[in-house]
Each structure stands twice: as C-alpha cells, then as structure tokens.
Amino acid sequence: MIDRCGGWKRCGKLWAARGAVKSVDPVPDGARSWVAVPRFARRAILVGVGVGVCVASPATGQSRGLIIRGLSFSGNRAIDDNTLRISIATSQSTFFARSPLVRWLGLGEKKYFNEIEFRRDVLRLTALYRQGGFVDATVDTVVRRTDRDVDVRFTIFEGEPIRVSSLQVNGVDEFVPAGALSAALPLRVGDPFNRLLMLASADTVRGRLADRGYPFAEVYRNFDVDRVARTAAIEFDVDPGMRATVGDVEVVGAGRLDDRVIRRTLSVRPGQVFRQRDLYQSQLDLYRTGLFNYANVALVDTLGTAAADSQVDVRVRVLEGPRQRVRLGGGYGTIDCFRTLASWMLLDFLGGGRSLELKGRLSQIGTGDPLGGGFENSVCPALSDEDVSRLKLNYNVTMAFRQPYVFSRRTSATLALFAERYTEFQAYLRQAVGGDLGFTYRARPDLPITVSYGLSYGSTEADPANFCTFLNVCLVEDTIFTRKLRRATLSLAAVRDHRNSVLNPSSGSWLAGEVRFSAPVIGSDTLMQFTRGTLEFAAYRRVGRQSVISVRAKLGTVLPAELGPTGGELRYVPTEERFYAGGASTVRGYGQNELGPQVRVLDTVITRQEQQNGQPVTVVDSVIRTSPAGGNDLLLANVEFRFPMPGFGGKLSGALYVDAGRVFSRGSETPGPSGLRVTPGLGVRITSPLGPIRFDVGFNPYAVDESPLYQKQNGELELVIDPYRPSRSFLGRFRLHFSVGQPF
C-alpha cells in the first residue's frame, strides 16, 4: 500500500471533508462576528485551520504500532541526510531491529510510526529549507506499509535558492579591519540566504567588538529580498556603544584557597581594556589549575545598567574541589602484557596553588622478573621473542612538584625526580635515576613553550651485535658502552594543540616540535653527545556526520658527535636516542620496532637432555634472534579513515588506513623518501571511557629486510652472512595490533 501527500491540495480536501465551515452562533455583545472579519484575515484563518487539521488528524485506517524499518531522503543536495534526520521526529529503528536477516531475534531498539508527527515532519523540513534560503522548496512523501512494518521516504524538491548578492557591515571600520571581519562571517556573498547564518554573522560582529572593548555593542540586521532576481542584499548597522575598561573584579565562592591565587590566575585585571576573550581564557585557566569543580567568569553589568558607563565589573564564581586526588588504573598491551599505574596528588601544597604528585607505573607484569609468571608463553606471546636478559619488570616512580607562577602569570615551573627501568622491545633495556627541571611559558593560550634541563645516571643494555655493527666492537665482554653513564640534556619543546579531544579527536590539528642537546659542557659523559630534533603534525576532519579522516607526518633526525673510544674517530648515537618504527602507533604493517636497520645473531640454546645408546646427550637448538638497531633519521606518514559501523549506536567503528615510514642511518643509506615502506590495513574501534579500544591488522607486501647475521664464538661475535634475509610465509605478512587510544 502506498500513501502520497501531494501538499496543500490534499490537506485542503481533508479539511473540507471534515466540515470545518459551520454556521456561526450569535456572539456576545462587544465581540466581533465572523462576517465582520476582513476577507484576507478570514482566508488566513481558514488556511491555518486547514493545515492544523491536516497535521493533527491521522489518516483514515491508520494502523497502530507499525515499526519503522526504513527512513530515506531523495532530491536533497543542499542539506545532507544526517541533518534532515535530526530535524524531524520520525526516526528509523536500529540496525538489528530493521535488518531482515536478524530482526526476527527481537534485538535492537524499535521506532514506531506516528502519523501525526510524520505529517508535522513535512512542515518541519519545509521550514528548514525556507530558513536556509530555499523559499520554493516542497516536500512530498512515500509510505510503504505492511501489516507490521512501514518504510518512509521524503522526496524533496529544493528549487533555486535566494542567494546573497551583497553583505555590508556599517559602523565598524575604525574598530575592526573590514577584510578580516568579512572572512570571519559564517554567511558570505554567493551563499544561499540562510536566516540562521545571518543571525550567527551578527553575533560574530558583536563578538569581535566585545574583544576590542565594546561589550554592549548592538548589531541591527537589515535585508532586502528580490524574489524575481532571487537575490538578497544584507546590511548590518553597528552601534558599538562606549568603550569599556574593567572596574572591580569580585571573587565569590573561595573557601580555604587564598583569593590571591585566583586573582593571579585571571587574565582580566582592573583598569585594563575589556576583552571578552579574557573572560573565556580566565575561566579555562581556573579549570587548568585542578583546584575547582566549577568556575565561571562573567560580567556583573548588563546593557540596561552599564551602557552609558565606561567601566564594567567582573564577577568570578568558583567551587573548590577536593585537595587530594587518587588515581588507579590497569590494562593490557601487546608488548606491555599486563600493566598498572597509581598516583596521588596533593593540590595547593604549601599554599599558592602549588601541587605535589607521586605516581608509579608497572608493565610487563607476569613476564619479567621479579613478577614473572611465564605469561610470555601464553597470554602475552609477543614477548616470547624478547631476549631473556631484557625480559624484566618495567617500572617508573616519579615525584613531581609544580610551581604555577614563576616570573609572570604565564610561566610555571616543574621539578621531577624519578627512578625507572624501561625496555624498548627487542632493542635495549634502560635503567636510570635522575631528575628534570622545566619552565613552561604560554606564549599564547594554545602555544606552551617548555625549556628543561634533565640529568640522569644509568646504563643501557643492548645486543652486542649492535656495537659490533656500528662500532666494530665485537667482543661480548666489552662493556664500555653498557656501563653506567651520566646523561645531561637541554631541551626546547613547543606544542600547538587545536584538537577537539585528546583521547579521540575528530577535528582540529596538532603540531609539536622538540630539540634536545647533550654534551659534556652541560654535564654529560663524553660517550653521551648528540643533538636530536623531531617535528610532528596531525590533522583531523569530519566527513559527513560521524566519519573522520586523519593524517599525520613526522620527521626526526639525530646529529651525533665525534667520539674516540676505540682508538679512532667515529660518530655514534646512543642506543636509547635512536629512532625506531613499526608497531601499533607508527607503521602497522610491521611488528614493534621491525622497521629500519636490524642485526641478527645465531644463538645456541640448550633445550633438553636425551639418552642415546645408553649415554646422556645434550641436544642443542640454534635460534636466530633479531634486534632492531635503530637509525638516526625518521620519516613517517599516516592516513586513516574512521567510520561508524551500523547497528551499534556509535559504540563500534571501523578504520581503513595506509601507513608509510622509513628509518635509516645517514651515511650508510641514501636519505629521502625513496626507501619508504607503505603498508595498508584495516581495524575496529570500540568506544570506552579510557579511549577507543583498538584492533588493527596491517599488511606488509615487502620481503623481509636484509641484515648482517652474527654468531657467538669463544666470547666474540663473528660475521656469518652479510646480507642475510630469512623467508616469510604469506600469513606472516599480516600483523595484528591491540591497544587503547587512537594511533595519533
């Protein structure tokens, strides 16, 4: 059965059939009779009543309890389907409730057809289009019914819109540059005449003036529509009012916290020119301190009381939060196995808004001594390939003290002391104690710049084949590069973060750069000399309503100093300062740290004792252990498309991606993108409070990279084959990664 509502004609027939015109009873004295109403007013009332009856009266024979199996739109080009869906009351059932394959299971949320709301939706869509400048838009409907189900389609005839032919803003030339203001307006010349965007443009003008000291500016909207030419001329006449300065700043709600801490955090000061953005920034900075559960910074004055005054008062309302915070967490990772963290923070430590935090982190629980449990052979199989000497419990214990104000309101300082043991998968084991002192200056609200000095004392254990490859030091017992050394670094880092979310960004961008320098002149050991720089950029953009496309590019380089530990000059980069790539957050077609230079060692492992001819015999197996050597140059690029999967209410999404990267050693390889490895893949994301739980499968179309193969003989490493390339099966080209959080 197919129902069609062709517009006002059918509505008029329905109204007439219901006998809307009846005889008029006498009216009381002083009331106007129906006949006395002017003709044009009577027609307007009749049309309104007819429309009301059409909308409010269900069609004859309407079935109750029909499940909406489908909802679609056709003919719409100016407004996308998702915007239309959220603008109407009629909505379709979820995937499991409407799919013929699974709906018999009774799963999913069912949406039922409401005839009255459905007819109102026609008016809603028509009004939406007319607000957007499409004054001739009409909406038709097609409804397909069965005994239990209904399928709805809205057919839209948009017509030609009325377009903005000119847009002028009068009265702001001396306050705001005309070019910059026009570029910031949501409504532009040539766009359809959207009334909502016109209101938003007026608010934009008002906001720009408020940021220049005019908090009570008035913007009057004028427009002239030519329906024949289909054009609209728009003018904004601006009355800026008086320029205001900040008068009194009142703080309300402070308890144990000193008012001076709050006032020092504010960007707004008595006597300065009023700027609306200072109120927003002050509110954001109050939340950043972590001291408040609620903060609001707003004007006390209103237009009626302060329009003629050149001073405005500001009121700051706060609600203090708890002074102590405890955080506990745990999880699982492919190369971390089981992990846990805990922290305790004391806010307003010693007064003045200072804070003290103690935090600890453990990983490789169940695989590394002293908390080993043999999990590397069961629930954490990725660690079964790790060198036993480096398969240890990773830990980090840190105490950090933060001083929020140093030299100026924009500068803060942090002093941290730490002890750690950290394993880079199959590459090295780092054990150290030390501390860092850093100063952060907010050049802009979204641009913190940090200068820090770090000093640590510790050792780095790596496969001896690394030293044999890079230094020609091939004696296994030679520990000149693995002994405890002093490392001092001087760092400069800047971050510009415009992402809308840290855990799951869908719009905005992120840019970060860092330079680190280490040399004896600042306290390093002579074997710890390098200059290391990285630059990373990521951008995110919505495609449709819920899909996101994200891109990332990262560059890195290390400039080593000349060393002379073996009797000759050489250039050497410490193992922990080299670049490594491959894994869940870089190039997913490779395993963790598999991309880039590698060395392999033919090792012997005693596996069992057997009896042969009545005599005990030791059976020895040979295994080849791979160790990433890292590089001093890094190129990395990623493109990922994330999209919601139907039927899961936004809780489950898919991803298609292409990763590209290269790690190489300058001098032994040709620099540039010619050796990039490009690997495609797909993944699944599950929404969680900690960020998306991520499963990715990457495909590697390349053969295994060549590398030198060494063998231990009499305490010395001997080169067996160079180059050596092991074989790989087809299934070995796929890499599965499990982690929490987006890759970038």
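How many salt bridges does a search of the whole structure find? The search finds 35. A salt bridge here is a side-chain nitrogen of Lys or Arg within 4 Å of a carboxyl oxygen of Asp or Glu.

This is a predicted model, where local features need pLDDT of at least 70, side-chain atom pairs count only at pLDDT 80 or more, and totals for chains, interfaces and linings use all residues. Residues are numbered from 1 along each chain as its sequence is written, and side-chain values use heavy atoms, with hydrogens and water left out.

Start with the overall fold. The protein has 11 helices and 32 strands. Both are DSSP runs, numbered from the N terminus: helices are H or I with at least four residues, strands are E with at least two. Of the 744 residues, 40% are buried. Buried means under 20% relative accessible area, exposed means over 50%, and partly exposed lies in between, with a 1.4 Å probe and protein chains only. A contact means heavy atoms within 4.5 Å. Take the contacts between residues at least 6 apart in sequence: 61% of them join residues at least 24 apart.

Now helix 7, residues 195-210. Asn194 caps the N-terminal end of helix 7. One of its side-chain oxygens lies 2.9 Å from the backbone nitrogen of Leu196. The buried residues of helix 7 are Met198, Ser201, Ala202, Thr204, Val205, Leu209 and Ala210. An α-helix has 3.6 residues a turn, so residues three or four places apart point the same way.

Next come the charged pairs. Side chains of opposite charge can pair when their charged atoms come close. Arg487 forms a salt bridge with Glu576, with the closest N and O atoms 3.7 Å apart. Arg487 sits in strand 18 (residues 485-497) and Glu576 in the loop between strand 23 (570-571) and strand 24 (598-612), so the pair ties together parts that are 89 residues apart in sequence. Arg487 is buried, at 15% relative accessible area. Glu576 is buried too, at 11%.

Arg735 pairs with Glu594 in a salt bridge, the closest N and O atoms being 2.6 Å apart. Arg735 belongs to strand 32 (residues 734-740) and Glu594 to the loop between strand 23 and strand 24, so this pair ties together parts that are 141 residues apart in sequence. Arg735 is partly exposed, with a relative accessible area of 29%. Glu594 is partly exposed as well, at 22%.

Asp705 and Arg677 meet in a salt bridge of 3.7 Å, N to O. The pair links distant parts of the chain, 28 residues apart: Asp705 in the loop between strand 29 (693-699) and strand 30 (707-713), Arg677 in strand 28 (residues 677-686). Asp705 is buried at 17% relative accessible area, whereas Arg677 is partly exposed at 25%. Some salt bridges share partners: they join Arg430, Arg487, Glu514, Arg516, Arg532, Glu576 and Glu577 into one network.

Glu424, in strand 15 (residues 411-424), is buried yet has no salt bridge. Lys and Arg count as positive and Asp and Glu as negative, while His and the chain ends are not counted. The nearest side chain of opposite charge to Glu424 is Arg532, 8.9 Å away. Leaving aside residues up to four places away in sequence, Glu424 touches Glu386, Tyr580, Gln592 and Asn593.

Finally, the covalent link. A disulfide is a covalent bond between the sulfur atoms of two cysteines. The cut-off is a pair of cysteine sulfur atoms within 2.5 Å, and the count comes to one disulfide. Cys337 and Cys380 form it, their sulfur atoms 1.8 Å apart. The link is right-handed, with 70° about the S-S bond. Cys337 lies in strand 12 (residues 337-347) and Cys380 in the loop between strand 13 (355-365) and strand 14 (394-403), so the pair ties together parts that are 43 residues apart in sequence. Both Cys337 and Cys380 are buried.

Conventions:
Polar contact = N/O pair within 3.5 Å; in protein donor to acceptor, adjacent residues only side chain to side chain.
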